[in-house]
Amino acid sequence: MEKNSQIENGDHEEVLEQQKQPIPLLTPYKMGSFQLSHRVVMAPLTRQRSYGNVPQPHAILYYSQRATKGGFLISEATGVSDTAQGYPDTPGIWTKEQVEAWKPIVDAVHAKGAVFFCQLWHVGRVSNHVFQPNGQAPISSTNKPVFATDFSKFSPPRRLKTEEIPQIVNDFRLSAINAIEAGFDGVEIHGAHGYLIDQFLKDQVNDRTDEYGGSLENRCRFALEIVDAVCNAIGADRVGIRLSPFADYCNSGDSDPLALGLYMVEALNKYGVAYCHMIEPRMKLLGEKFQCDDSLLPMRKAFKGTFIAAGGYDRDEGNVVVAENHVDLVAYGRLFLANPDLPKRFELNATLNKYHRETFYTSDPVVGYTDYPFLEINS
């Protein structure tokens, strides 16, 4: 009897020990030179509260609320020039005033012990002339407009001349330098979701006949020139890129997304960038996820750096893809927006706050921004 009791006690202790083991999402991970304490990434989230394209003091609280020691945050999409804007009150990082405004925000995130990258953005044709300098047409790889339900939302774009493209590449380079000046640990190049870089990558948009159009190699040239310039400016270990080869946001689809994704990650390997951040194929259109047979796994296997996936993950799905080594890190958007203490809630398997879509893009400095409640944990 005594022996059986010992076995039972041993089994019980083993169960207790297993319960203490962190879930896969909360295991540590080394992303290049950055030591992360968990794998729950705050995805870049446009919030439209940077009045006049300048980051505001209320962003200090917003980002620091979501920062944890060893956590990884990616800023909202941040414009690289005065032609990069397509929505009201989105931040930029091309002026001295903007750089100075970012500094206390970055400092607050670092004070919590988190790693913070700035997402660099140019919307291209996803814009209206009212957001453009002198009311000019938005620039793009093409002169084909975005066909939206509200046709007044996006203005017909102007196709960039070949000789103008180096200037746009340089805008990304200078903005990356500015981001480091502001204190960011690195930058994420936004090459997804139908914005300017994606407009070059995708064959359903890019109708160019110069060296930036036609073949897969040519369509990827612009993106890779930006990667090259930014890596040379701030170091490849401080550079990530976001891609959505399977998505069709803003009429930006591709006839062979798998080939596009594989070509890009294999090219990125040559630069040694810190990470590749890809959107799940199930998020083909803006909104909810749907079932599909496509997978990011071929890109994950081909890419040599840190691989981040985003696209409607919940806690259980995130744990599974990390445990099965399909990804290194999982980016959460809407859940992180509504749950500033998301890693803690995942640890405790606690109930999540519901997000309020109607306040995603309002200009209020508090409502739907810094007023989502934290867990009340009795000590």
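Is Phe 116 buried or exposed? In this predicted model, where local features need pLDDT of at least 70, side-chain atom pairs count only at pLDDT 80 or more and totals for chains, interfaces and linings use all residues, Phe 116 is buried, with a relative accessible area of 0%. Buried means under 20% relative accessible area, exposed over 50%, and partly exposed in between (1.4 Å probe, protein chains only). Residues are numbered from 1 along each chain as its sequence is written, and side-chain values use heavy atoms, with hydrogens and water left out.

The whole structure holds 18 aromatic pairs. Rings of Phe, Tyr and Trp (its six-membered ring) pair if their centres lie within 6.5 Å; planes under 30 degrees apart count as stacked, over 60 as edge-to-face and the rest as tilted. Tyr 63 and Phe 116 make a tilted pair, at 5.1 Å centre to centre and 50° between the planes. This pair joins helix H2 (residues 58–65) to strand S6 (residues 115–121), 53 residues apart; helices (H or I, at least four residues) and strands (E, at least two) are DSSP runs, numbered from the N terminus. Tyr 63 is buried at 1%.

For Trp 102 and Phe 184, the planes lie at 65° and the centres 5.2 Å apart, so this pair is edge-to-face. Trp 102 belongs to helix H3 (residues 96–111), whereas Phe 184 lies in the loop between helix H4 (165–181) and strand S9 (186–191). Trp 102 has a relative accessible area of 0% and Phe 184 one of 1%. Ring pairs link Tyr 62, Tyr 63, Trp 102, Phe 116, Phe 184 and Tyr 369 into a cluster.
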